[in-house]
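Student: I would like to learn how to read a protein model, and I hope we can go slowly through it together.

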Amino acid sequence: MREALTELELPYVLHTAGKDSPRRQALRELSGATTVPYLVDPNRGVAMGESLDVVRYLFDTYAPPAAP
């Protein structure tokens with residue numbers, strides 16, 4: 001996911017939520033689980049997990065249109 005964000009030159013804030021992280025409970029409250037990655041896109045009001053879905057969403061939403 002970070003590679004897609006970087007390739008698309010999108011600014012992002014990374015929060016870690018490792019096993020002993022105090023942020024783990026916040027992740028559970030936000031997503032209902034503790035699996036990562038988890039994307040929250042405040043521009044579109046979208047939140048999702050699953051790496052492939054997140055990467056697909058980022059490119060579908062933010063990639064520049066292909067040249068003809």
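This is a predicted model: local features need pLDDT of at least 70, side-chain atom pairs count only at pLDDT 80 or more; totals for chains, interfaces and linings use all residues.

Student: Which elements does the protein have, from the N terminus on?

Tutor: Helices (H or I, at least four residues) and strands (E, at least two) are DSSP runs, numbered from the N terminus. Here there are three helices and two strands, and their order is α-α-β-β-α.

Student: How does the span of helix 3 fit its 12 residues?

Tutor: The expected span of a helix is 1.5 Å times one less than its number of residues. For helix 3 this gives 16 Å, and the end C-alpha atoms are 16 Å apart, so the two values agree.

Student: Which residues of helix 3 are buried, and which are exposed?

Tutor: Buried means under 20% relative accessible area, exposed over 50%, and partly exposed in between, with a 1.4 Å probe and protein chains only. In helix 3, Val54, Tyr57 and Leu58 are buried. They lie on the same side of helix 3, because they cover an arc of only 100° around the axis, the arc being that of the directions from the helix axis to the C-beta atoms. On the other side of helix 3, Leu52 and Asp60 are exposed. The buried residues pack against helix 1, strand 1 and strand 2, where contact means heavy atoms within 4.5 Å.

Student: How is a pocket found, and what lines the largest pocket?

Tutor: Rolling a probe the size of a water molecule over the atoms shows where empty space is left. On a 1 Å grid over the protein atoms alone, a pocket is an open set of points where a 1.4 Å probe fits, with protein on both sides within 12 Å along at least five of seven lines, and lining residues have an atom within 4 Å of a point. The largest pocket is lined by 27 residues, and Met1, Val13, Tyr38, Leu39 and Val40 lie nearest its centre. Helix 2 gives the largest share of this lining, four residues.

Student: Where is the cis peptide bond?

Tutor: The bond from Val36 to Pro37 is cis, with omega near 5°, and Pro37 is found in the loop between helix 2 and strand 1.

How values were computed
Residues are numbered from 1 along each chain as its sequence is written. Side-chain values use heavy atoms; hydrogens and water are left out.
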